[in-house]
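I opened the model to look up a few side-chain contacts and strand pairings. My notes are below the structure.

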Amino acid sequence: MAKEGVEKAEETEQMIEKEASKEPAEGGGGDGSHRLGDAQEMRAVVLAGFGGLNKLRLSRKAMPEPQDGELKIRVKACGLNFIDLMVRQGNIDNPPKTPLVPGFECSGIVEALGDSVKGYEIGDRVMAFVNYNAWAEVVCTPVEFVYKIPEDMSFSEAAAFPMNFVTAYMMLFEVANLREGMSVLVHSAGGGVGQAVAQLCSTVPNVTVFGTASTFKHEAIKDSVTHLFDRNADYVQEVKRISAEGVDIVLDCLCGDNTGKGLSLLKPLGTYILYGSSNMVTGETKSFFSFAKSWWQVEKVNPIKLYEENKVIAGFSLLNLLFKQGRAGLIRGVVDKLLGLYNQKKIKPVVDSLWALEEVKEAMQRIHDRGNIGKLILDVEKTPTPLMANDSTETSEAGEEEEDHEGDSENKERMPFIQ
């Protein structure tokens with residue numbers, strides 16, 4: 001048994017070295033770049049402090065080793081989510097101390113096992129939730145947050161799978177109890193969660209999906225939803241024109257005045273679920289004005305009114321459920337169901353684009369501008385384009401905050417934010 005384990009370890013190391021040899025030895029995005037210095041170092045995206053894009057740096061950090069109950073994963077791909085923008089700005093409750101490595105999900109190959117880990121072997125292809133630290137070449141995470149992936153699922157698809165599909169499934173089936181013949185309104189229908197919601201709704205007969213999205217996305221996603229509206233239009237009247245009674249489920253990632261609009265659209269026994277607050281993010285850095293405006297636009301919920309109208313209002317945070325409320329067992333059951341649907345070809349992650357670690361600023365900008373259709377992925381092995389490589393600075397001291405340079409101002413001018 002021990003001999004078999006050693007052979008497996010050697011096989012995996014050969015696999016990793018083979019993959020690394022495909023990339024340039026220096027300046028590129030390959031696994032081998034960190035081997036030029038200390039063999040125990042790795043590349044990672046570090047957030048030096050809360051604020052704008054200039055707070056992100058590609059740095060070298062000490063490579064982690066698995067503790068008891070953890071797996072060490074050689075990362076192939078990482079997922080980017082809107083929550084990552086809010087983390088960068090410090091626009092979340094109880095933000096962690098900086099410097100930190102962002103990111104909550106990744107995929108890759110098991111490289112080492114901590115004590116007491118069972119059910120996994122070195123060389124397994126996996127996807128995982130990580131409580132920060134995902135945007136790096138190597139991560140360690142408890143075994144309860146790790147899942148084996150199907151052979152025909154790519155690493156980029158696997159990195160696009162956990163956050164989006166688990167969030168969509170939990171809201172639809174665990175919170176709102178989606179059933180045949182119901183109707184769903186989902187905002188940001190072209191995003192990763194929006195597309196996951198649309199696909200999961202298609203697995204239930206006669207479900208009507210109303211979606212809002214930027215007009216330029218409509219052609220690409222028109223087949224995934226039943227009725228599609230411009231995100232800036234009066235979607236309340238449009239929905240009521242089609243369905244006078246409203247809808248059974250509202251999935252709101254916007255917050256602000258959309259909360260009241262969503263509640264007004266609910267049928268009796270309908271469920272409104274808040275799972276994000278992207279309206280609070282209007283600029284590159286945290287804005288008290290945007291926060292206050294969004295907060296004051298939220299309709300004050302009157303329990304008596306909910307009682308009289310037979311409506312349900314709920315909230316959902318997958319990260320809190322996993323890392324603060326200890327529901328990893330529940331999530332594993334959901335992942336098993338989702339992988340079953342994937343194997344049946346009923347769902348498939350929509351990957352918008354792949355970005356090198358050096359291109360994280362541009363990737364974040366694309367999410368901020370709502371330019372993505374599906375999920376943005378950081379591909380650890382991808383070589384950055386020359387322009388983007390020049391935009392990001394690699395530092396030798398992980399987490400060291402640098403002063404703003406003229407280049408940063410040029411980047412902001414080249415990549416304007418929507419105000």
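**Ground rules.** I am working with a predicted model, in which local features need pLDDT of at least 70 and side-chain atom pairs count only at pLDDT 80 or more, while totals for chains, interfaces and linings use all residues. Residues are numbered from 1 along each chain as its sequence is written, and side-chain values use heavy atoms, with hydrogens and water left out. I take helices (H or I, at least four residues) and strands (E, at least two) as DSSP runs, numbered from the N terminus.

**M163.** I found M163 in helix α4 (residues 162-175). Its relative accessible area is 9%, so M163 is buried (buried is under 20%, exposed over 50%, partly exposed in between; 1.4 Å probe, protein chains only). Leaving out residues up to four places away in sequence, I list N81, I83, E105, F129, L318, L319 and K375 as touching M163 (contact is heavy atoms within 4.5 Å).

**Rings.** I count 7 aromatic pairs (Phe, Tyr and Trp rings, the last by its six-membered ring, with centres within 6.5 Å; planes under 30 degrees apart are stacked, over 60 edge-to-face, the rest tilted). Why is the pair of F145 and F323 edge-to-face? The planes stand at 85 degrees, with the ring centres 5.0 Å apart, so the pair falls in that class. F145 is in the loop between β6 (138-142) and β7 (146-148), and F323 is in helix α11 (residues 318-323), so the pair ties together parts 178 residues apart in sequence. F161 and F165 are stacked, at 5.1 Å centre to centre and 25 degrees between the planes. F161 is buried at 1% relative accessibility, and F165 is buried at 2%. With Y342, F161 and F165 form one aromatic cluster.

I also looked for charges over rings (NZ of Lys or CZ of Arg within 6 Å of the ring centre and within 35 degrees of the ring normal). R125 sits over the face of F155 at 4.7 Å from the ring centre, and K148 over that of Y120 at 5.4 Å.

**Strand β8.** Side chains in a regular strand alternate between the two faces of the sheet. In β8 (residues 183-186) I find both faces covered: S183 and L185 are buried on one side, V184 and V186 on the other. β8 runs parallel to β9 (residues 208-213), joined by 4 bridges (strands pair if DSSP finds at least two bridges between them). β8 also pairs in the parallel sense with β11 (residues 247-252), over 3 bridges. V186 has G211 as its bridge partner in β9 and stands opposite L251 in β11.

**Salt bridges.** I count 16 (a side-chain nitrogen of Lys or Arg within 4 Å of a carboxyl oxygen of Asp or Glu). E111 and K72 form one, with the closest N and O atoms 3.4 Å apart. E111 is in strand β4 (residues 105-113) and K72 in strand β3 (residues 70-80), 39 residues apart. Both are buried.

K348 and E157 meet at 2.4 Å, N to O. K348 is in the loop between α12 (328-343) and β14 (351-355), E157 in helix α3 (residues 155-159), 191 residues apart. K348 is partly exposed at 45% relative accessible area, whereas E157 is buried at 9%.
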